[in-house]
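Here is a short report on helix packing and strand pairing. Keep the structure open alongside the text.

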Amino acid sequence: MSTNGKTSRILQFMAPDERRQFGIETPFHRLALQMQDILGDGGILKEVVHAGEGPPVPKHASVSIHFSGFLEYSDTPFETTSHLKYPRMMKLGRDVTLYGLELGLLTMKKGEFSRFLFKPKYAYGDLGCPPHIPPLATVLYEVQVLDFLDSAQVDEFLDLSMDEQNSVSLFTFLNVVDTQRSFGNLCFNKKHYEDARERYKQAMTLLQNRELVDDEEKQRLEEMKLPFLLNLSLTYLKLEKPQKALCYGQKALDISPQNTKALFRCGQACLEMSDYEKAQDYLTLAQAKKPFDPDINTFLKKLALCYKDYLDKERAMCSKMFSGFK
C-alpha cells in the first residue's frame, strides 16, 4: 500500500477524509468493500465469518457474547471479553451501551461470529471516548454470540402489580417461570452461581405468591417447585454454603420424600459439614433408590475415607492426651 512517504504511525493520527486526500486506501476502507450495509446508510457494515443457527437475537433478549473492539491500525483491542471463559448475560437496551453493537446483535444468530464496522454515529460519536477512542473514530468489533434467551415475557410480567400477575393465565405464568429456570440453568452452566441462585429464587417467589384457583393448580405448582429446590440446593453447594444446600434439599424432600436427587443433595451437604452420620443416612437411602449410580457410590466412598480420617485423628488426639499416665 502506498502511503506517499507517511508512516503507519503517523496515519493513526490522520482523519479518514485527510487520508483520502492523500490517496491512501486504509485497512478499514478495504475491509468495508467486502461487508454488507445492514441499515442502508453506511453506518453499520457487517461481515459474517462463521454463520450461526436458528432465529436471530430478539429485541428484548439477554445475550452472552464474546467481543473485541479495535481502532484502525491497531492490533490490540481497546476492550475485549476474550479473557473471560464465561461472559455474563447482558440485557439488550440496558447492559449493551454501544448503540451500533446492539443493532448489530439483532442481525446475529446463536453461534454466529461476525465483524462489524461502526461509524462514529453508531459508536463513540464526534467526541470519542478519551483517552482510548479519538474523536470521529470508526471502530471494528469482532462479535460471537454464545447464547441468548428472550426475556420480553418475563420483563413484562415482572412489571405487573401483584393483582395483575395473579390475573395472568396459568399457561403464561408457567412460561414465565420456565424461562426463569432456563436463565438460571444457563447461568449455572457458565459457573455464574450467584446469578443462577437469584434466578431460581425469583422463580420460587413467583410460585409462592401465585393465588391458587383449585387443588389441581396447587398440586401442579408444588410439582414445579421441586426442580427449583433441587437446583438451589446444588447451587448453594457450588457456593460452598452447605447449610443452605441442606435446607433446600430438605424442602425438596417435603414435596417428594423419596426423591433420589434430594437425598443425594442432603447427603452431600451433610458431608461438607462433617456430619458423617446424617450423610451416611441420606446417601444410603439414595443408593437404595439407585444402587448403581456412580455419583452416589463415589460420595459413599468419599464419606468412608473422611470418616476413617476423622477417627484416626480422634485416636491420635486421645493417645496424646493420655500418654502422660503411662
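## Helices α8 and α9

Tyr193, Arg197, Tyr200, Lys201, Ala203, Met204, Leu207 and Gln208 are the α8 residues that meet α9. On the α9 side, the partners are Leu221, Met224, Lys225, Phe228, Leu229, Asn231, Leu232, Thr235, Tyr236 and Lys238. Contact means heavy atoms within 4.5 Å. By class, the α8 contact with α9 has 11 nonpolar, three polar and four charged residues. Ala, Val, Leu, Ile, Met, Phe, Trp, Tyr, Cys and Pro count as nonpolar; Asp, Glu, Lys and Arg count as charged; the others, Gly among them, count as polar.

The axes of α8 (residues 193-209) and α9 (residues 215-238) come within 9 Å and cross at roughly 155°. α8 is therefore roughly antiparallel to α9. Axes are lines fitted to C-alpha atoms, for helices over the stretch in contact, with angles from 0 to 180 degrees between N-to-C directions. The crossing of α8 and α9 is left-handed, that is, the near helix is turned anticlockwise from the far one by less than a right angle.

## Model and conventions

This is a predicted model, in which local features need pLDDT of at least 70 and side-chain atom pairs count only at pLDDT 80 or more, while totals for chains, interfaces and linings use all residues. Residues are numbered from 1 along each chain as its sequence is written, and side-chain values use heavy atoms, with hydrogens and water left out. Helices (H or I, at least four residues) and strands (E, at least two) are DSSP runs, numbered from the N terminus.

## Helices α7 and α9

The axes of α7 (residues 170-189) and α9 come within 12 Å and cross at roughly 10°. So α7 is roughly parallel to α9. This crossing of α7 and α9 is left-handed.

In α7, Leu170, Phe173, Leu174, Val177, Arg181, Asn185 and Phe188 meet α9 residues including Glu217, Arg220, Pro227 and Leu234. The α7 contact with α9 has 10 nonpolar, three polar and four charged residues.

Over residues 226-259 the chain is 79% helix and 0% strand, with its end C-alpha atoms 10 Å apart.

## Strand pairing

Strand β8 (residues 113-118) runs antiparallel to β2 (residues 44-50), joined by six bridges. Pairing requires at least two DSSP bridges. Glu47 has Arg115 in β8 as its bridge partner.

Six bridges also join β8 to β9 (residues 139-150), again antiparallel. Phe118 stands opposite Val139 in β9.

Note on methods: Parallel < 35°, antiparallel > 145°, perpendicular 65-115°, else oblique.
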